[in-house]
Amino acid sequence: MALLEVQDISVQFGGIRALDDLSFTLDEGQILGLIGPNGAGKTTLFNVVSRIYDPTTGSVTFDGHDLLAMPAHQISRVGVYRTFQNLALWRGMTVIENVMVGDHTNTKANFFTAAFRLGTRSEENDLRRRAWEALEELGLEEYAYHPAAGLPFGTLKRIELARALISNPRLIMLDEPASGLTHQEVDSLAQDVKDIRDRHNLSVLLVEHHMRMVLNISEHLVVLNFGRKIADGHPDVVRNDPEVIEAYLGSSS
């Protein structure tokens, strides 16, 4: 059953068509890899779904909700969470504080109540407990009260994953999660993503250039080139598609 439906999405920046009538579906509990060469439109699609960009045409539906009718700060309330290619952690804050920020849009506290601690202590305690559980799940509890600054890059990437978990998402959108990692760290992260999906029955939309990771964990692939979908199907079929080989891996001739 489709959880996310992207239908006829086009995005135009001046004379450049970044996405060209893109359509695909992501099923509940599925890991879907969105791949393509640089400039293919992958991050543009992420920015449409996460409400950073408005498309020129098309629709995006998540579990019956019209995502394009929602502001960016509300999509986490229906279960959609994304990470970014460049780390979005506050290095001066502790690791557990960074994770707690992941669910701030779903708390009742506002600037005034948080500043004066009015009726927010119980909510904060619950948030801290859930942040600790997310860190434990990824084996990061030893870093909980360590500042994010100075931690290894691979650890910071997993902290971002923990921050995504605290919001109790149904769909996690991972934008280049393996960027900058060693081969060993990539393999570890791939296993974390699969384990989290299995334990929480999540769906995952993955943009990643590390093809071994994509092929190892994705159950479905959508391939873009110059904003247009050129393949859509099982990884074993897509990886042997002549158009994909030429566009993404390079022509063998």
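User: Which residues are linked with D126 in a network of salt bridges?

Analyst: Happy to start there! This is a predicted model, where local features need pLDDT of at least 70 and side-chain atom pairs count only at pLDDT 80 or more, while totals for chains, interfaces and linings use all residues. Residues are numbered from 1 along each chain as its sequence is written, and side-chain values use heavy atoms, with hydrogens and water left out. A salt bridge is a side-chain nitrogen of Lys or Arg within 4 Å of a carboxyl oxygen of Asp or Glu. The residues joined with D126 in such a network are R129, R130 and E133.

User: How many residues apart in sequence are the parts that R170 and E28 tie together?

Analyst: The side chains of R170 and E28 meet in a salt bridge, at 3.1 Å from N to O. R170 sits in the loop between α5 (153-165) and β7 (171-175), and E28 in the loop between β2 (16-27) and β3 (31-35); helices (H or I, at least four residues) and strands (E, at least two) are DSSP runs, numbered from the N terminus. The parts they tie together are therefore separated in sequence by 142 residues.

User: R197 forms a salt bridge with D198; is R197 buried or exposed?

Analyst: The closest N and O atoms of R197 and D198 are 2.7 Å apart. Buried means under 20% relative accessible area, exposed over 50%, and partly exposed in between (1.4 Å probe, protein chains only). D198 has 52%, so D198 is exposed. R197, with a relative accessible area of 11%, is buried.
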